[in-house]
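Open the model in your viewer and keep a selection panel at hand.

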Amino acid sequence: MGKANGRDLMMDDREKSDRPVVPASHRNNVPTGAADGGEGRGLTKGNSDQQNTRRTQSRESVSSALDRVRQVARRDRNAKFTALLHHVTIDRLRDCYFRLNPKAAAGVDGVTWEEYGRDLEPKLQDLFARVHRGAYRAKPSRRVFIPKTDRRLRPLGIAALEDKLVQAAVVEVMNAIYEVDFLGFSYGFRPKRSQHHALDALAYGITQKKVNWVLDADIRGFFDAIDKAWMLEFVKHRIGDKRVLRLIQKWLNAGVMEGGRRTVSEVGTPQGATVSPLLANIYLHYAFDLWARQWRKRHARGDIVIVRYADDFVVGFQDVNDARRFRLELAERLRKFGLELHPEKTRMIQFGRFAAEHRSRRGLRKPEHFTFLGLRHQCSRSRAGKFLLARVTDSKRITVKLKAIKAELRRRMHLPIVQQGAWLRAVVNGYFNYHAVPTNIMALERFRTQVARLWLRTLRHRSQRHCLPWERMNKIVTRWLPKPSIRHPWPQQRFERHHPR
């Protein structure tokens with residue numbers, strides 16, 4: 001896609017007020033403080049108290065250094081940061097190492113968390129030196145595929161461990177700036193924001209605002225369609241440190257390793273890399289969020305509710321003409337940046353407290369439902385006859401989860417029941433922790449019943465002589481599988497607690 005030299009071509013005149021573009025002369029000089037100090041002497045081996053104290057102190061020092069960055073970013077929304085890499089210290093790299101998942105898969109170099117932890121300090125010092133003198137080289141991501149709910153495969157890129165460390169440290173520094181910039185309706189992969197916060201915001205907007213129509217949108221192959229040139233242009237709005245920009249460019253151009261061959265594309269970023277979620281949010285912040293906020297202010301005739309989680313977003317409208325115009329102009333807007341709405345996953349439906357009544361007058365069936373973050377949203381009624389937004393687990397997600405449990409039970413078939421039960425308890429608990437929302441109790445009960453049946457079949461296959469009766473199996477299930485219960489409050493309660501104003 002061709003690029004214009006002038007900034008004005010990136011966004012139209014209506015959006016210039018939201019664009020954080022600054023003169024080249026505007027620079028910040030954030031003091032370096034304690035974060036710039038040397039590493040100092042190593043810890044005494046085996047002294048756990050000393051290690052815990054040191055890690056706590058280092059965490060406090062690196063946090064206070066970023067507080068000054070946040071203050072500058074908040075005070076001047078047009079500030080361009082030209083000195084950021086000095087915040088990537090050995091202390092920060094060490095903290096990032098201990099926050100990694102020790103059981104995570106290795107990258108193309110085959111280095112595991114445990115292996116890297118041997119002689120950790122010399123390795124961190126060497127990595128720190130390479131990053132700051134420009135000798136650090138990003139390795140390609142190892143390509144793997146995981147199944148999606150629609151039976152297709154999602155490509156993921158597993159970065160090498162050192163790449164994960166440097167990316168995590170840079171992301172932590174950049175978050176100090178971008179958490180000030182990102183808008184309130186953006187929830188995906190942000191600190192102190194989860195999928196349930198996005199679900200709460202959507203439910204609150206649908207029930208408390210005048211929503212009659214819903215645009216359920218999805219961007220086709222978003223991570224594979226990101227234009228790298230536009231990405232760097234967007235980052236340069238806030239980041240002026242050329243060393244940080246070069247690091248981002250190295251990660252974007254590292255490519256992926258698949259079947260022993262390294263491939264590099266002009267577009268796309270590996271989904272699964274530590275830096276990818278932040279870069280995706282930056283891309284959509286400029287390509288969608290700022291534009292959507294301006295559109296709502298300048299063109300909307302009625303209420304509009306926007307909730308975005310990564311590349312999956314839902315927009316609620318009061319006026320149908322707003323919905324139609326927004327969808328048309330949104331498609332045109334995304335095309336400017338190489339993005340496209342998924343034709344099969346993007347649709348506009350009549351939804352809300354009056355949808356059933358309006359559709360009934362026209363002789364239509366009950367309102368359609370839509371799925372967001374694994375929960376199917378549908379119009380319902382409470383016992384008192386009032387409108388109720390019902391949320392139940394998407395059937396496709398249940399099917400995928402049960403297939404995974406079935407396959408794993410086969411692998412654990414000959415383990416003692418105690419070990420199988422402990423594993424299944426953890427799996428079902430994790431499932432309930434996400435899906436146990438109000439109005440979803442029936443789906444939870446069905447899921448637990450299906451898990452019990454899969455477990456019974458597995459146990460019966462262990463022996464051809466004895467058939468395990470349901471009476472005995474019920475006792476096993478009662479002991480090991482947690483009973484369904486609602487674990488999340490009603491969306492309005494939690495939303496108002498997090499947003500008291």
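Contact here means heavy atoms within 4.5 Å. This is a predicted model, in which local features need pLDDT of at least 70 and side-chain atom pairs count only at pLDDT 80 or more, while totals for chains, interfaces and linings use all residues. Residues are numbered from 1 along each chain as its sequence is written, and side-chain values use heavy atoms, with hydrogens and water left out.

Select Phe223. Apart from neighbours within four places in sequence, Phe223 is in contact with Gly268, Thr269, Gln271, Ser276 and Ala280. Phe223 belongs to helix α7, residues 222–225; helices (H or I, at least four residues) and strands (E, at least two) are DSSP runs, numbered from the N terminus. Is Phe223 buried or exposed? Phe223 counts as buried because its relative accessibility is 8%, where buried means under 20% relative accessible area, exposed over 50% and partly exposed in between, with a 1.4 Å probe and protein chains only.

Next, select residues 276–299, helix α10. From first C-alpha to last, the 24 residues of α10 reach 33 Å, close to the 34 Å expected at 1.5 Å a residue; the expected span is 1.5 Å times one less than the number of residues. Centre on His285, where α10 bends by about 50 degrees, the angle between axes fitted to the seven residues ending there and the seven starting there. Of the 24 residues in α10, 19 are buried.

Move to α15, residues 441–460. Its 20 residues reach 29 Å from first C-alpha to last, close to the expected 28 Å. Buried residues of α15 include Leu444, Phe447, Arg448, Val451 and Trp455. To see what covers the buried residues, show β11 (387–393), α13 (395–411), α14 (417–435) and α16 (470–480), which are among the covering elements.

Finally, zoom out. The protein chain has 17 helices and 11 strands, and 48% of its 501 residues are buried.
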